[in-house]
Amino acid sequence: MSVSDKEKEEIEKSSAPLIEHLIELRRRLIWSLGGFFVAFLVCFFFAKRLFNLLVVPFKWATQWAGLDPHKVELIYTAPQEFFFTQVKLAMFGGMVIAFPLIATQIYKFIAPGLYKNERSAFLPFLIASPILFLMGASLVYFFFTPMVMWFFLAMQQTGTNDQVQISLLPKVSEYLSLIMTLIFSFGLVFQLPVVTSLLTRVGLLSSQALAEKRKWAIVLSFVVAAVLTPPDPMSQCGLAIPTIILYEVAIWSSRMIERAQARDRLARERAEAGSSAAGNTPDASST
């Protein structure tokens, strides 16, 4: 099949010498690293306020457990522990804030090498990815973190004549690690519809294949949840159940993409058939 003049023009525009690609890559890396560094400095300046904001779900959990939320206490056992906790928090927050800029720079670097229809197909997923990540992070912040902390608070023991006093005093570094692990896990899981939709659009996956592997996906969801979440059944089920729901959403979105591709293919075939029929029609003047 011959390549049209328009496709040849797009191929010529997408081709560039290696040195130009390297210069463009350096420019995009500088913008990405610069954006991350600025976001890191801002987050480090407000690190204590951000950490206090992350402690709010812990306060909600104490209310659920019938305790006084004003007496929530966290500790650090090494002189440098809270400092490095703030650095980790600033790096995590800086990456989240700078992600739209980094994703934009990646898209601008690879966009010249794509066809126009490929660019238009890739852009919606670039927008949907951070939105889905924020949805997963919001679910962690407003529901699963209070639920997990309530589960751990329920293990406390009041001191009596027959038993000792056992209280939960989490370290600042361990609490931040728990929050970051949950946010990363849920944010990663919420990318499932995006990944499957992209694979379906390029023809590497189909809705039928996803539906046939549903049983294996359910088992794998609980296995992954057991690895990524703390070792308690509530947080594991809390990650596995949304994963299964998102898997069903991925099957539905793949079917929608396949139907849209089938409609586009049928429209192209009709247009080609109409143009070929018009070309084969004899001219009235020649008769």
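# Exercises on a helical chain

Leu-25 has a relative accessibility of 34% and therefore counts as partly exposed; buried means under 20% relative accessible area, exposed over 50%, and partly exposed in between (1.4 Å probe, protein chains only). The model is predicted: local features need pLDDT of at least 70 and side-chain atom pairs pLDDT 80 or more, while totals for chains, interfaces and linings use all residues. Residues are numbered from 1 along each chain as its sequence is written, and side-chain values use heavy atoms, with hydrogens and water left out.

## Exercise 1. The surface around Leu-25

Find the helix that holds Leu-25 and the nonpolar patch to which Leu-25 belongs.

Step 1. Leu-25 lies in helix H2. Helices (H or I, at least four residues) and strands (E, at least two) are DSSP runs, numbered from the N terminus.

Step 2. The patch consists of Leu-18, Ile-19, Leu-22, Ile-23, Leu-25, Leu-29 and Leu-33, and its accessible area is about 680 Å² together. Patch residues have over 30% relative accessible area and no salt bridge; like charges are joined within 9 Å, and nonpolar side chains (Val, Leu, Ile, Met, Phe, Trp, Tyr) within 5 Å. Accessible areas come from the Shrake-Rupley method with a 1.4 Å probe, and for residues only the protein chains shown count as cover.

## Exercise 2. The fold as a whole

State how many helices and strands the protein chain has, and what share of its residues is buried.

Step 1. The count is ten helices and zero strands.

Step 2. Of the 287 residues, 31% are buried.

Step 3. The accessible surface of the chain comes to about 18,400 Å², with 67% of this belonging to carbon and sulfur atoms.

Step 4. Contact means heavy atoms within 4.5 Å. Among contacts between residues at least 6 apart in sequence, 79% join residues at least 24 apart.

## Exercise 3. Salt bridges

Step 1. A salt bridge is a side-chain nitrogen of Lys or Arg within 4 Å of a carboxyl oxygen of Asp or Glu. The structure holds four of them.

Step 2. Glu-24 and Arg-27 are three residues apart in helix H2; Arg-28 and Glu-24 are four residues apart in helix H2. Each spacing is about one turn of the helix.

Step 3. Through shared partners, salt bridges join Glu-24, Arg-27 and Arg-28 into one network.

## Exercise 4. Aromatic pairs

Classify the ring pair Phe-44 and Phe-83, and name the aromatic cluster that contains Phe-44.

Step 1. Rings of Phe, Tyr and Trp (its six-membered ring) pair if their centres lie within 6.5 Å; planes under 30 degrees apart count as stacked, over 60 as edge-to-face and the rest as tilted. The whole structure has 15 aromatic pairs.

Step 2. For Phe-44 and Phe-83 the ring centres are 6.1 Å apart and the planes stand at 85°, so the pair is edge-to-face.

Step 3. Phe-44 is in helix H2 (residues 18-45) and Phe-83 in helix H4 (residues 81-110), so the pair ties together parts that are 39 residues apart in sequence.

Step 4. Phe-44 is partly exposed at 30%, and Phe-83 is partly exposed at 43%.

Step 5. The cluster is formed by Phe-36, Phe-40, Phe-44, Phe-83 and Phe-84.

## Exercise 5. Ser-254

Decide whether Ser-254 is buried or exposed, and list the residues it touches beyond four places in sequence.

Step 1. Ser-254 lies in helix H10 and is buried, with 0% relative accessibility.

Step 2. Ser-254 touches Thr-196, Thr-200, Ser-207 and Leu-210.

Step 3. Thr-196 and Thr-200 are among the buried residues of helix H7 (residues 192-201).
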